[in-house]
Amino acid sequence: MTKSQDFTKYMTDMMGQFPVDTSAMTEAFKTQAAFGERMSKIVLGAAEQSAEIGHKWTRETLSKMGPMAELKEDPSDYAKAMTDFASASAEVAAENMAAYAEVAKKVQMDTVELMMAAGKEAQEDATAAVKKATSEAATATKKAPAPAK
């Protein structure tokens, strides 16, 4: 049985001949991580506000159900209690849907703002990387020996 050759040393030596500046990748990672953190704050804030609205809505609905559960003397009082509950529920629903809409509007505005800032940062990073690459290429060209004639 033949043993396969280990190419690890050859690959390491070959890759060593191609120096790579990883600072651009490091900066890109940091920028992406910062973007993720800011986006997470927006999302988590919206989720928290939505949970609070939902909790408040549930409490209000349950508190308005009390009169429906009370004993009534006249059967028509049950119909009145149901009508009052339906009316109050519609009012509470409108208020809470407006609150949800405000949360959504804020998330939308914050997200657009974040995307605009991220686009600007990405453009600045790309410009810096191109300038650096151009500078390095110019330096390497100057150091290169002149071709033989």
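User: Rings of Phe, Tyr and Trp (its six-membered ring) pair if their centres lie within 6.5 Å, and planes under 30 degrees apart count as stacked, over 60 as edge-to-face and the rest as tilted. Which class does the pair of Trp57 and Tyr100 belong to?

Analyst: This is a predicted model, in which local features need pLDDT of at least 70 and side-chain atom pairs count only at pLDDT 80 or more, while totals for chains, interfaces and linings use all residues. Residues are numbered from 1 along each chain as its sequence is written, and side-chain values use heavy atoms, with hydrogens and water left out. The ring rule gives a count of 1 aromatic pair. The ring centres of Trp57 and Tyr100 are 6.3 Å apart and their planes stand at 50 degrees, so the pair is tilted.

User: Which element of the chain has the highest mean pLDDT?

Analyst: The chain has 3 helices and 0 strands, and pLDDT is the predictor's confidence in each residue, from 0 to 100. The mean pLDDT of the chain is 86, with 91% of its residues at 70 or more. Helix 1 (residues 8–16) has the lowest mean among the elements, 77, whereas the highest, 91, belongs to helix 2 (residues 23–69).

User: What radius of gyration does the chain have, against that of a compact globule of 149 residues?

Analyst: The radius is taken over C-alpha atoms, and the globule rule is 2.2 Å times the number of residues to the power 0.38. Along its principal axes the C-alpha trace spans about 115 × 55 × 20 Å, and 11% of the 149 residues count as buried. A compact globule of 149 residues would have a radius of gyration near 15 Å, but the value for the chain is 33 Å.

User: With which residue does Glu121 form a salt bridge?

Analyst: A salt bridge is a side-chain nitrogen of Lys or Arg within 4 Å of a carboxyl oxygen of Asp or Glu, and by this rule the count comes to 6. In the bridge of Glu121, the closest N and O atoms are 3.6 Å apart. Glu121 lies in helix 3 and its partner in helix 2, so the pair ties together parts that are 83 residues apart in sequence. The partner of Glu121 is Arg38.

User: What separates Glu37 and Lys41 along helix 2?

Analyst: Glu37 and Lys41 form a salt bridge whose closest N and O atoms are 3.8 Å apart. Glu37 is partly exposed at 48% relative accessibility, whereas Lys41, at 58%, is exposed. Because they are 4 residues apart in helix 2, the separation of Glu37 and Lys41 is about one helical turn.

Conventions: Helices (H or I, at least four residues) and strands (E, at least two) are DSSP runs, numbered from the N terminus. Buried means under 20% relative accessible area, exposed over 50%, partly exposed in between (1.4 Å probe, protein chains only).
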